Amino acid sequence: MASIVAATPWSRIRTITKLELAPPIFLQSSVYYCKRRRFSVAASLSTNTNKVDGQVRVRFAPSPTGNLHVGGARTALFNYLFARSKGGKFVLRIEDTDLERSTKESEEAVLQDLSWLGLDWDEGPGVGGDYGPYRQSERNSLYKQYADKLLESGHVYRCFCSNEELEKMKEIAKLKQLPPVYTGKWATATDAEVQKELERGTPYTYRFRVPKGGSLKISDLIRGEVSWNLDTLGDFVIMRSNGQPVYNFCVTVDDATMAISHVIRAEEHLPNTLRQALIYKALGFSMPYFAHVSLILAPDRSKLSKRHGATSVGQFREMGYLPQAMVNYLALLGWGDGTENEFFTLKQLVEKFTIERVNKSGAIFDSTKLRWMNGQHLRAIPSNELTKLIGERWKSTGILTESKGPFVDEAIQLLKDGIDLVPDSDKALSNLLSYPLRDTLTR
RNA sequence: UGGGAGGUCGUCUAACGGUAGGACGGCGGACUCUGGAUCCGCUGGUGGAGGUUCGAGUCCUCCCCUCCCAGCCA
């Protein structure tokens, strides 16, 4: 589409039609094209076209379908550090459009885990804000409004295909070893045909009409330029037949209407960016900056999952890990400040963090190093705080009858060098108290 | 398979095109009754093949390997 080609210097997303790609004229014009691109890139770097007085606004958007995964925690942490280091806002949004798997308990647990880590949010559940509601399930009218706008503009159409028809399309695609691309049966339907199905009461979804030909390009803050050919993508669903909106549509409307300036999220969402960018354009929203962070991996280099052992923040909390150790370790799993220092407080991380130093390749979660790092942080705790932490534990678990006093103080000082986790102190104290002192003393 | 993203010691992470370092782990030693902490030493790497260059982990080409996505999940 020629109109899309006419990108302004301030545009970061560029769609290239096939005409421009045609050789050999393309070769001749490549220098000119590169100059234009360089100019446009420079312009976009120097001119922040994003909203709210150019303020940095980032978001962490967990789905409340389970506990906070360490991968999610790391994503939240990078967003938090980015916002705080730029003097921006850290927004929390609950993505609960999956009504069957989302629970209130999960949401509460996620919020507690974020708080425990020290990642306080500026807007979202519990604190409010100017861009609410901050749960997707409470924003349905907004999605409906924008979906209808897309229907009116022709970017979206009603698709009456049954599940059976869609399955057949998928099987055919599979035989051809291609991804299941919608063949566009209802994309060209007449108003009469549509009206007929509506009168019949046939269920339908809303499908986004993907432009034919060309490509789309983003400039990822971590990975550089990423592009996709549009012919690899078929028309995709944005609203289900039950009226529930689909994730890619929700997240785009949410990020745009919440004035999010930087979308910093896990790499698994990189393929989604193509769809979302098309929705941004169709709705006339300004495109945010994107940064796709690598995944945290298991030792076999697959995505870290439950079958690999502990994976949720809550589990590590129960095992006795300190929040400051978790935060320090997770930050270094994919980021470094360029020096050989590895010990940071959350405050120091805010001061040091830059998105440019986030690594592209996935990192394997190393429980052994986390334990060592917890020991370092444990021994860095001031004596009075450590006494309070461990003394209260000894009392609440019944090992001792008092949580403070000279005995507790001395015992902690004596034992702290021999433990890495707070619960290790239980056994350490028991060992100390069971020492055969009388048999050892000389008379 | 299609699309996309990646590849530096076992793991994490450094290294403006200019001596491949640090941390964890492992092994050994000092301290110590033992362990732990602390300190010291050792081990160990640029996926492969070409190319550009005085010089390549870094730039280019090809190959190999790994990961993510391909739900009316998120």
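**View 1. Ile364 at the phosphates of RNA strand B.** In this close-up, a backbone N or O atom of Ile364 lies 2.9 Å from a phosphate oxygen of RNA strand B, a polar contact, that is, a pair of N or O atoms within 3.5 Å. Welcome to a predicted model, where local features need pLDDT of at least 70, side-chain atom pairs count only at pLDDT 80 or more, and totals for chains, interfaces and linings use all residues. Residues are numbered from 1 along each chain as its sequence is written, chains are lettered from A and ligands numbered from 1 in the order in which they are written, and side-chain values use heavy atoms, with hydrogens and water left out.

View 2. Among the 52 residues around RNA strand B, the nearest are Thr97, Asp98, Gln177, Arg223 and Asp417. Sugar and phosphate make up 86% of the RNA strand B atoms that come within 4 Å of the protein. Helix H8 (163-175), strand S7 (224-229), strand S12 (363-364) and helix H15 (367-379) each give at least two residues to this surface, and H15 has the largest share, with five residues. Helices (H or I, at least four residues) and strands (E, at least two) are DSSP runs, numbered from the N terminus.

**View 3. An open sheet of three strands.** The order is S4-S5-S8, with antiparallel pairing; strands pair if DSSP finds at least two bridges between them. Strand S4 (156-159) and strand S8 (236-239) are at the edges with a single partner strand each, so one side of each has no neighbour in the sheet. S4 and strand S5 (residues 205-208) share four bridges, and Val156 has Phe208 in S5 as its bridge partner. Helix H11 (residues 272-283) packs on the sheet and touches S5 and S8, where contact means heavy atoms within 4.5 Å.

**View 4. Thr311 in its loop.** Look for Thr311 between strand S11 (296-297) and helix H12 (313-318). Thr311 is buried, with a relative accessible area of 4%; buried means under 20% (1.4 Å probe, protein chains only). Leaving aside neighbours within four places in sequence, the contacts of Thr311 include Leu68, His69, Val70 and Phe316.

Note on methods: Near = heavy atom within 4 Å. Polar contact = N/O pair within 3.5 Å; in protein donor to acceptor, adjacent residues only side chain to side chain. Axes fitted to C-alpha atoms, helices over the stretch in contact; angles between N-to-C directions. Buried < 20%, exposed > 50% of the residue type's maximum accessible area, 1.4 Å probe, protein only.
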